[in-house]
Amino acid sequence: MGTQEQPCYTLIQGPADTEQPSEMQLKQDLENGDIPVKTAALKKVIQLILNGERLPGILMTVIRFVMPLEDHTIKKLLLVFWEIVPKTTPDGKLLQEMILVCDAYRKDLSHPNEFIRGSTLRFLCKLKEPELLEPLMPTIRTCLEHRHSYVRRNAVLAIFTIYKNFDFLIPDAPELISNFLEGEQDMSCKRNAFMMLIHADQERALTYLSTCIDQVNSFGDILQLVIVELIYKVCHANPGERARFIRCIYNLLNSNSPAVRYEAAGTLVTLSSAPTAIKAAANCYIELIVKESDNNVKLIVLDRLVALKDSPQQEKILQELAMDVLRILSTPDLEVRKKTLNLALELVTLRSVNEMVEVLKKEVGKTHNIVEHEDTGKYRQLLVRTLHTISMKFPEVAANVIPILMDFLSDNNELAATDVLVFVREAIQRFESHFMIMPEKLMPNWEVHQLPTRKLVLRSQIIERLLSALPTICSVTVQCHTLWILGEYASTAVEVLGVVSAVRGSLGELPIVEDEMRKAAGEASEEDGSGDRANQQQQQKVTADGTYASQSAFSTTTSSRKADDRPPLRKYLLEGNFYLGAVIANTLVKLAFRHTSLESDPSKQNSFCAEVMLVISSIVHLGKSGLPQKSMTDDDYDRMMLCLQVVSERTPSLASVFTEQCRSALSHMLTAKAEEEEALRRDRKASKVIEHVDDHIAFTHLTKGSDPSSTDDMFDLSMSMAVSGGKKEGIDLSTSKLSKVTQLTGFSDPVYAEAYVHINQYDIVLDVLIVNQTADTLQNCTLELATLGDLKLVEKPQPVVLAPHDFCNIKANVKVASTENGFIFGNIVYDVKGSTSDRNVVILNDIHVDIMDYIVPASCTDLEFRQMWLEFEWENKV
């Protein structure tokens, strides 16, 4: 393996437009300058070394003229300098000058200032040369007895790192730290010492935990977190220890730290599947979500709560906590509320449905009392859909839900009002047949002879509320839906007459055109009487044909004010919404047929049909009069004329079409929709692959624990998901890596290179393999990269030395700045010892970065898509 330069731990950005100082100038500043000049020069030296410059003569200058200084800024910079400066000769031997540096370390470890001692101990954790560490070991041991906790906890970290890397330097470290832990009082020091024992000598850690297991609740949160991790690992490695430590985990659910409670709940679920444990963990998660203020934390914990119900046994336990889950609705964030409502829908049962409906009704009431903003309407819509789903799942609560939802009909949020009407339509259609099929299940307290009465009461309540809300509806779409429901389900003579009366009242005096002309003439006479004031405000306007026309500001404001006073249906028709006219005509035709079947007197039948024809013909006349802002379309005209003809003829075949086949079509649509949702639900369940065909078979009796899930390491899974962005099942890593390898040079080039391109959201990592195919040693072999497009190279790859036929891996990070395709290109340059030519260059093939590699698809409902389509005006742009 070729030797690679030391990795850099610290990056310092400097101004790009300044000229780089020479090594001689830096030496002069370090020798003769005052403290600020030496500080600036030392910073420049560090920056040059990080950027790959070699300054072989600068080391002794720093040792002689900078290291003796007592300035704190200088000392902090020196720690960075010693970290990055080359400490060995090319043949791997330690530089003689580093003996002087080692002596300086020893002095700093005995310094009276605790900050200098502690920062030096932290620096020693990064040293990889045992020759430098060996003389310092006695001094590091004495730091464990320092009076200040900052020095003691960093001394523990230094001993831990040194024991992990070079255990021969301090072979008795576990015993030393164990004795230190017994007498230590500071929580941060105890945490570091306990963490070292977990990794270095787990038995000693368990022995210490057994002696103080009853005092765990009094420990600090940082120590409690480490204890939770130890208990998890020990219990999964040796299930027999669960009974010994699970009580400790139960106690930590009541910790003062939210982080400890979260980790303890997650550990408890993996250690025990008992109902008590699951319920305690779920309650802990709910309390965390309710009390935590950060929305991101709420979403993370809520996802963990949702994951608990994947098991059928755990889902039954969580169903008992369905009402506690609704406490999360106090959070103002819409995403948290949405997930909470979805979870509550999956947990609701026949026992809890009535309580849940009452809570949701209170939430609906709260949305009317708070200040209206964007999320309020969306939350109101979520509540409507939730109550809709609950009523479809448990029809017995429909009578309790429908009245409260009817108040949304006059809401300014059209989507919420439309959802209410969709729910009402489905409720009337489904519940009639449902009540007749299963009365004993749905209404146990009602007598059989009361069922038709109850059914009629529910339907009549809906019709009554719709009629009362009709004049207050603010949307044409909602008006159309409401009229359709009234025309389809108004069944008694009183209801039919009430619907016609409400429609006539919303249209105003008929015929519409004559009434409008009469009002316009009356306004004109009032304007004439106003005389001079109107004339004073007249101004000339140029019409479309080039002629002049006079317009009075007074008459304009008067007419606009009068327009606002018009009845709602007439106002919509005058705005040109004649699809509403077609809906009114259809509704009146259905009512005419129903009235004919209910009324036996022919004169009353003819009188009702004549009134219906008057309304329809008045709307048609208005559409052709030129008064509305938009003219009537041919489709709407044909539909209304057809309705006029149907009412005049009233044949039995046409009556069947309007009164029976419309409702049967709705029934078929609802049945198909229910079947489609059920199929989607089954597909989602079937798509979750529990075990793949080529997975190893896990025999329970051969695993370490009795619980099959004990083989999963929760902490490792959490870390891998955090790093990779999610757990990807069913992916063959070897295959996916091979598919992302790009060949950069040819096989006959002196240097062969290929890159594995790993894309994680907006970060691109290039893992480049470089192979020396020559018999020469390649010095300063450097991978030089550049980008085209909105890509940015984060750091410059360091040069390497490649022995003959040797290879090495170099990583480069690229940041994606926008959703555009980009290219990464560059070359490899190197020197050959003894060659008289300039630097050798190998050109690399381009790497194409496709937008589809880091764009993640998302899904949305049809209603949300249409709303976004209108907001972003995509149609106009297309």
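Asn 780 is partly exposed in this predicted model. The relative accessible area of Asn 780 is 29%. The residue lies in strand β7, which spans residues 778-788. Most residues other than glycine have a negative phi.

Arg 650 also has a positive phi, about 50°, and is not a glycine. This residue sits in a loop. The loop runs between α35 (634-649) and α36 (652-687). Arg 650 is partly exposed, with a relative accessible area of 27%.

A further backbone feature involves proline. The peptide bond between Leu 510 and Pro 511 is cis. Its omega is about -10°. Most peptide bonds are trans. Pro 511 is placed in the loop that links α28 (493-507) with α29 (512-530).

The strands were examined next. An open sheet is formed by 5 strands. Their order is β4-β5-β6-β10-β8, and the pairing is antiparallel. The edges are taken by β4 (741-743) and β8 (791-793). Each has a single partner strand, so one side of each is left without a neighbour in the sheet. From one strand to the next, the twist averages 30°.

Strand β5 covers residues 751-760, and strand β6 covers residues 763-772. The two run antiparallel and are joined by 10 bridges. Across this pair, Tyr 752 stands opposite Val 771 in β6.

Methods: Residues are numbered from 1 along each chain as its sequence is written. This is a predicted model: local features need pLDDT of at least 70, side-chain atom pairs count only at pLDDT 80 or more; totals for chains, interfaces and linings use all residues. Side-chain values use heavy atoms; hydrogens and water are left out. Helices (H or I, at least four residues) and strands (E, at least two) are DSSP runs, numbered from the N terminus. Buried means under 20% relative accessible area, exposed over 50%, partly exposed in between (1.4 Å probe, protein chains only). Two strands pair if DSSP finds at least two bridges between them. Axes are lines fitted to C-alpha atoms, for helices over the stretch in contact, and angles run from 0 to 180 degrees between N-to-C directions.
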